[in-house]
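Reader: I would like to go through this model feature by feature. Where do we begin?

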Amino acid sequence: MERDAELRTACFLELAALRARFGPDLPYRGVLDRGFTFGGGRVPFLSPQKGIFRAAAQRGPAALSVLTSARSPYGDEETDEGVWYAYRSGAVDIADNRALLRAYDLRVPLVYFFGTQAGWYRPLFPSFVVDRDDVLRRALLVGVDGGPPLGDLEPPAEGVARAYAVRDTRVRLHQARFRGMVLPAYRGRCAVCRLHEARLLDAAHITADREAAGDAVVSNGISLCSIHHRAFDEDLIGVSPDRQVHVSRRLLDDEDGPMLELLKGFHRQAIEVPRAQRLRPDAERLARRFERFLLVSG
Ligand SMILES: [Zn+2]
């Protein structure tokens, strides 16, 4: 494998390891800013200042990563074609833009770091630059899969494969953004059991979003641990509009070990909600969802 491909692989593998350790969203400070090991040294993953990043250790001309901050000041745009990533200001052929466009010419995989909250990023990799638009000064990014690379990586071909990758990318970006908003509102705890472990926490939707890229609002979410999220999705627990946990008949009538007793213990307990009124679960959404729970939980 040539050196540039080796460096990218090392980068992807270390990101996959970090994700296994810290969860899908990674803090810049203390984690991403440490870089990855390659050729006996440490190589940075990204540049929060510049957005488009090519490491000094690289021999190849193409960018290693691009980044959109949580505040998205550069007007990057998610569309049905992919994410249109804005060029840096200045001439099209300044060094950063050249590195971005060389990733297109050479069809090399890179990391798209998507800001989920201040100082936190979700890495989407491998991602590819699949088109460029010099008039609107932007390049089209499409992610392929969340896993570490195996074998040769190719940009998704146009047609069905591309459309699938785009839809998958949009869903993942939506979920990343939603989780980045909901978890901090709940101070990183499960609303039911107060579990405080980011790797085991999800942002559960109260009503499912039909449109993957639609506006994600905190009041349509609840921070739940994996067990309570799954139980909520399966209507084994419900949350009434007055924000009380209801455990389904099926579970309440069952007697099978300490874990079940723990689940049942939250029956009729209030969930913990954000302090700010506008961030709390929307009562109308809860009511609609709770009707379904009553219907199926018997
Ligand atoms: Zn929980």
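Author: We begin with the contacts along the chain. This is a predicted model. Of the contacts in the protein chain with a separation of 6 or more, 63% are between residues 24 or more positions apart.

Reader: How many helices and strands are there in the protein chain?

Author: The protein chain has seven helices and 13 strands. Its C-alpha trace spans about 65 × 40 × 35 Å along the principal axes. The chain has 298 residues, and 48% of them are buried.

Reader: Which domains does the assignment give?

Author: The domain assignment gives domain 1 as 3–181 and domain 2 as 187–297. Taken over C-alpha atoms, the centres of domain 1 and domain 2 are separated by 33 Å.

Reader: How should I read the interface of the two domains?

Author: The size of an interface is often given as the accessible area lost when the parts come together. Here, about 1100 Å² is buried between domain 1 and domain 2, and carbon and sulfur atoms give 64% of that area. In domain 1, the residues that lose the most area to domain 2 are His-174, Phe-178 and Arg-179, together 55% of what that side buries. As for contacts, 10 residues of domain 1 touch 16 residues of domain 2.

Reader: How many salt bridges does the rule find across the interface of domain 1 and domain 2?

Author: Across this interface of domain 1 and domain 2, the rule finds zero salt bridges.

Reader: Now the metal. Which residues are the protein donors of the zinc ion?

Author: The zinc ion has as protein donors the SG atoms of Cys-190, Cys-193 and Cys-225 and the ND1 atom of His-228, at 2.1 to 2.3 Å. The spacing of these donor residues in sequence is C-x2-C-x31-C-x2-H.

Reader: Why is the arrangement around the zinc ion tetrahedral?

Author: Start from the ideal case. Four tetrahedral donors have ideal angles of 109.5 degrees at a metal. Four donors count as tetrahedral if all angles lie between 85 and 135 degrees. The four donor atoms around the zinc ion subtend angles of 96 to 116°, so the arrangement is tetrahedral.

Reader: Are Cys-190 and His-228 buried or exposed?

Author: The cut-off for buried is under 20% relative accessible area. Cys-190 has 0% relative accessibility and therefore counts as buried. His-228, at 4% relative accessibility, also counts as buried.

Reader: Turning to the backbone, which residues does a cis peptide bond join?

Author: A cis peptide bond joins Phe-125 and Pro-126, with omega of about -5°. Pro-126 is in strand 8 (residues 120–133).

Reader: What is the phi of Asp-235, and where does Asp-235 lie?

Author: Asp-235 is not a glycine, yet its phi is positive, about 60°. Asp-235 lies in the loop between helix 4 and strand 12 (237–239). With a relative accessible area of 6%, Asp-235 is buried.

Reader: And what is the phi of Arg-243?

Author: Arg-243, a residue other than glycine, has a positive phi near 65°. The loop between strand 12 and strand 13 (245–247) holds Arg-243. Its relative accessible area is 23%, so Arg-243 is partly exposed, whereas Asp-235 is buried.

Methods: Residues are numbered from 1 along each chain as its sequence is written. This is a predicted model: local features need pLDDT of at least 70, side-chain atom pairs count only at pLDDT 80 or more; totals for chains, interfaces and linings use all residues. Side-chain values use heavy atoms; hydrogens and water are left out. Donors are N, O and S atoms within 2.8 Å of the metal (3.2 Å for Na, K and Ca); water is not among the atoms, so sites may look incomplete. Four donors count as tetrahedral if all angles lie between 85 and 135 degrees; four count as square planar and six as octahedral if opposite donors are over 155 degrees apart and all others between 65 and 115; anything else is irregular. Buried means under 20% relative accessible area, exposed over 50%, partly exposed in between (1.4 Å probe, protein chains only). Domain bounds come from an automatic or database domain assignment. Contact means heavy atoms within 4.5 Å. Buried area is the accessible area (1.4 Å probe) that two parts lose on being put together, summed over both. A salt bridge is a side-chain nitrogen of Lys or Arg within 4 Å of a carboxyl oxygen of Asp or Glu. Helices (H or I, at least four residues) and strands (E, at least two) are DSSP runs, numbered from the N terminus.
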